[in-house]
Amino acid sequence: MEEAVQTIIQNITDINEATLRSVLQDLVQKHNFDQKDVDQNLQLITDKTIAIVDQRKKDLQEAAREHCWKCHIRRTDDSNPIGLAVVGSGTAGNCRVRDSQLLPHWTFKGIVSRRTQQGTIQKEWTDVLNDKDIKAVCICTENSDHFQKAKEALEHGKHVLVEFPLATSYDEVSQLYKLASDRKLILHVELIGLLQLSHRKRKQAIQEQSLKLESIEVHFTGGWNRWIDPSFKNSGFPSFSGIMRLEKIVSLFGQMNYISSALKWHVGSDGSKIGFTMSANLQSKSNGAPITWTETRSNHSKRSTKYKYQFTDGTIWTDENEPPSWQPDGLFAMDLSEFAHDIIGDRSKEYHDQSQEVMHVSKLAQEIRDGAIE
């Protein structure tokens, strides 16, 4: 029976009443133990389950501490970890749940999700807002939900991390930063694209070689699915759902001016919309270099990003000669670590206050949207 218990809970990193019920149920239904035998050994099974999970958590936390020391995730005093709740259980949300239980800065307090999350703590959103032990929340829901959830969290005194985009309009972005400033709270936008090793190497090369920009072309292609539909209801306009493309350009070359934009629909033989191409013409504020960005989505298209950065000395960077992007540390973990350091007032020099850049690209995204749908 002990071996069966270990098999059942091999992927569980937290223990609660629901987990115990699931273990007992699986012993009977999947491992064919007699219900009477399980009932008689209830305390032994419970104690063994708790012991195995507790030891696994200790092992994972120690591994995470060692990981922090070896890589870019900065260590901090973990004697007073920050209570954190996660909203949303997609890829990003699950990464936040995992990392908040491994990194020494955090105490995972639960997840808000429409899906049942076996082996973790599930909470209602109102309970998260009213729980004084929860000091911070990660918003990992549909883009259209970011603004309202972040606003409510800030109003209840929580520090907030939001997956990009922060919101789907410039006005909403402005409101959230003002609210965070007024309440003296941290509002952190997930920008893992800026943490990628390849991006950091590009930025370092620009500074070391004093490269001067001549032109930029960025072309993104992706699938057409239920998340990004013709109404853009859940995703926001493509200039917002694809805002990381703008973030990377601004991070490397500084602010831009809006020139023009357009949105062209792809139509099937029956007249239905089967995709789109959004195009935007921008200009570098520092030297007037032209910048072209296109975002195309259609049925069965594979995801790819093609770019060309041309410099005045003849140097050309493309996606084909991009520096290696492999790195030993998880990007979501790095981002969550920086969020913790922001909260305790220990922001690194490399990851400075991002609010001005986020405000700038959100304004550009709004201008692109307004110009494309005129």
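**Salt bridges, sheets and helices**

Modeller: Arginine 96 and aspartate 335 are both buried. Please note that the model is a predicted one.

Biologist: How far apart are the closest N and O atoms of arginine 96 and aspartate 335?

Modeller: Arginine 96 belongs to helix α5 (residues 91-102) and aspartate 335 to helix α12, so the pair links distant parts of the chain, 239 residues apart. A salt bridge requires a side-chain nitrogen of Lys or Arg within 4 Å of a carboxyl oxygen of Asp or Glu. Arginine 96 and aspartate 335 form such a bridge, and the separation of the closest N and O atoms is 2.8 Å.

Biologist: Which residue is linked with Arg96 and Asp335 in a network of salt bridges?

Modeller: The search of the whole structure finds 12 salt bridges. Arg96 and Asp335 are linked in a network with one further residue, Glu163.

Biologist: Which residue takes a positive phi just after α12?

Modeller: The phi in question is about 80°, and the residue that takes it is glycine 345.

Biologist: Is arginine 114 buried or exposed?

Modeller: Arginine 114 and glutamate 142 meet through their side chains in a salt bridge of 3.1 Å, N to O. The two lie in loops, glutamate 142 between β3 and α7 and arginine 114 between β2 and α6 (125-130). Glutamate 142 has 25% relative accessibility and so counts as partly exposed. With a relative accessible area of 75%, which is over the 50% cut-off, arginine 114 is exposed.

Biologist: Which strands stand at the edges of the 5-stranded sheet?

Modeller: This open sheet has the order β2-β1-β3-β4-β5 with parallel pairing. Its twist averages 20° from one strand to the next. Each edge strand has a single partner, so one side of each is left without a neighbour in the sheet; these strands are β2 (106-112) and β5 (187-189).

Biologist: Which residue in β2 is the bridge partner of glycine 83?

Modeller: Strand β1 (residues 82-87) runs parallel to β2, and 6 bridges join them. In β2, the partner of glycine 83 is threonine 107.

Biologist: What angle does the direction of helix α11 make with that of β6?

Modeller: A second open sheet, of 6 strands, has mixed pairing and the order β7-β8-β9-β6-β10-β11. Its edge strands are β7 (256-267) and β11 (316-318). Helix α11 (residues 243-253) packs on this sheet, touching β6, β7, β8, β9 and β10, and the angle with β6 is about 160°.

Biologist: Which residue has a side chain joined to that of histidine 199 by a polar contact of 3.0 Å?

Modeller: Histidine 199 lies in helix α9 (residues 197-209). Its relative accessible area is 5%, under the 20% cut-off, so histidine 199 is buried. Beyond its neighbours within four places in sequence, its contacts include Gly193, Lys248 and Leu252. The side-chain partner in the polar contact is serine 251.

Terms used:
Residues numbered from 1 in each chain as written. Predicted model: local features only at pLDDT ≥ 70, side-chain atom pairs only at ≥ 80, totals over all residues. Heavy atoms only, no water. Pairing = 2+ DSSP bridges. Helix = DSSP H or I, 4+ residues; strand = E, 2+ residues; numbered from the N terminus. Contact = heavy atoms within 4.5 Å. Axes fitted to C-alpha atoms, helices over the stretch in contact; angles between N-to-C directions. Buried < 20%, exposed > 50% of the residue type's maximum accessible area, 1.4 Å probe, protein only. Polar contact = N/O pair within 3.5 Å; in protein donor to acceptor, adjacent residues only side chain to side chain.
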